[in-house]
Structure formats: C-alpha cells, structure tokens
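Subject: Structure handover

Hello,

Here is the structure I promised to pass on. Please open it alongside this note. My findings follow below.

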Amino acid sequence: MIRILDELTVAPGQLAEVRQLMAEGYTAGAAERGMTLEHTWLTPPVELFDQPNTLVYLWSVPDAPAWWAMRGAAGRDPRVAEFWAEVDAHCVERQRRFLVDDPLDEGGR
C-alpha cells in the first residue's frame with residue numbers, strides 16, 4: 001500500500017472554496033486514476049478567518065504499479081495541472097508526500 005498525503009494550507013476565508021474544488025474537481029478524477037480517499041482532516045479543528053487552516057487528504061493506491069499508473073495518467077491529463085493551479089490560487093502552501101510502511105519497523109508501531 002502506498003499512501004499519498006496532501007496538505008493544503010488554505011488562505012483565510014477560502015476553506016469552503018477549496019473544499020468545493022476538491023469535492024467537485026479532483027475526487028472523481030483521482031478515483032479514475034486508481035486513488036482511494038482514505039480520510040480528510042482539518043487543522044486547527046475550527047475554521048479560522050484571520051489565519052490559514054490546513055486541509056489534509058490521505059489517499060491510497062494498492063502498490064507500486066498502481067502508483068506509476070496514477071502518476072502517468074495525471075501527467076497525461078492537462079486538467080490535473082489546471083486543477084492544482086486553481087487550488088493554489090486559494091492556498092498559502094501545498095505539499096504532497098508519498099508514504100509506505102517502514103520495512104525495518106518489525107514491531108508494527
């Protein structure tokens with residue numbers, strides 16, 4: 001399992017717009033590219049209007065071939081880059097990380 005962690009630091013007052021963009025402009029396409037939305041979080045846990053909030057999206061793909069297929073499909077679809085440019089207009093910062101279980105963590109912590 002490979003997890004994709006998106007952290008969107010949203011400008012004050014823009015939270016509803018970014019949530020709507022993600023729901024209407026990204027989630028369905030991500031599913032078509034093989035991504036499963038596992039969870040979302042908001043931090044801090046209340047919307048702020050004088051400081052940024054961070055939306056965190058946790059996605060998954062089953063394995064490395066699925067990850068490469070997802071990356072290839074996103075790279076071939078100009079709508080993906082256009083979508084992120086639109087989201088960036090509402091964000092202070094955006095970061096994406098790719099995560100796998102640590103193979104050396106034998107205790108499963």
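A term first: a pocket here is an open set of grid points with protein on both sides within 12 Å along at least five of seven lines, and lining residues have an atom within 4 Å of a point. Keep in mind that this is a predicted model.

Overall layout. The protein chain has four helices and four strands. Their order along the sequence is β-α-α-β-β-α-α-β. The C-alpha trace spans about 45 × 35 × 20 Å along its principal axes.

The largest pocket. Its space comes to about 160 Å³. Which residues line the largest pocket? They are Gly25, Tyr26, Gly29, Ala30, Glu32, Arg33, Asp77, Arg79, Val80 and Phe83. Helix 2 (27-32) and helix 4 are the elements that give two or more residues to this lining. Sorted by class, the lining has four nonpolar, two polar and four charged residues.

The helix pair. Helix 1 covers residues 15-25, and helix 4 covers residues 78-88. Their axes come within 10 Å and cross at roughly 170 degrees. Angles over 145 degrees count as roughly antiparallel, so helix 1 is roughly antiparallel to helix 4. The crossing of the two helices is right-handed. On the helix 1 side, Leu21, Met22 and Gly25 make the contact. On the helix 4 side, Phe83, Trp84, Glu86 and Val87 make it. By class, this contact has five nonpolar, one polar and one charged residues.

Where the two sites meet. Gly25 and Phe83 take part in the contact of helix 1 with helix 4. Gly25 and Phe83 also line the largest pocket. Please look at these two residues with both sites displayed.

A cis peptide bond. Where is Pro44 in the chain? Pro44 lies in the loop between strand 2 (36-43) and strand 3 (53-61). The peptide bond from Thr43 to Pro44 is cis. Its omega is near -15 degrees.

Best regards

Technical notes: Residues numbered from 1 in each chain as written. Predicted model: local features only at pLDDT ≥ 70, side-chain atom pairs only at ≥ 80, totals over all residues. Heavy atoms only, no water. Axes fitted to C-alpha atoms, helices over the stretch in contact; angles between N-to-C directions. Parallel < 35°, antiparallel > 145°, perpendicular 65-115°, else oblique. Left-handed = near helix turned anticlockwise from the far one by under 90°. Contact = heavy atoms within 4.5 Å. Nonpolar A, V, L, I, M, F, W, Y, C, P; charged D, E, K, R; others polar. 1 Å grid on protein atoms, 1.4 Å probe; cavity = no way out; pocket = protein on both sides within 12 Å on 5 of 7 lines; lining within 4 Å. Points joined across faces, edges and corners; volume = space filled by probe spheres on them.
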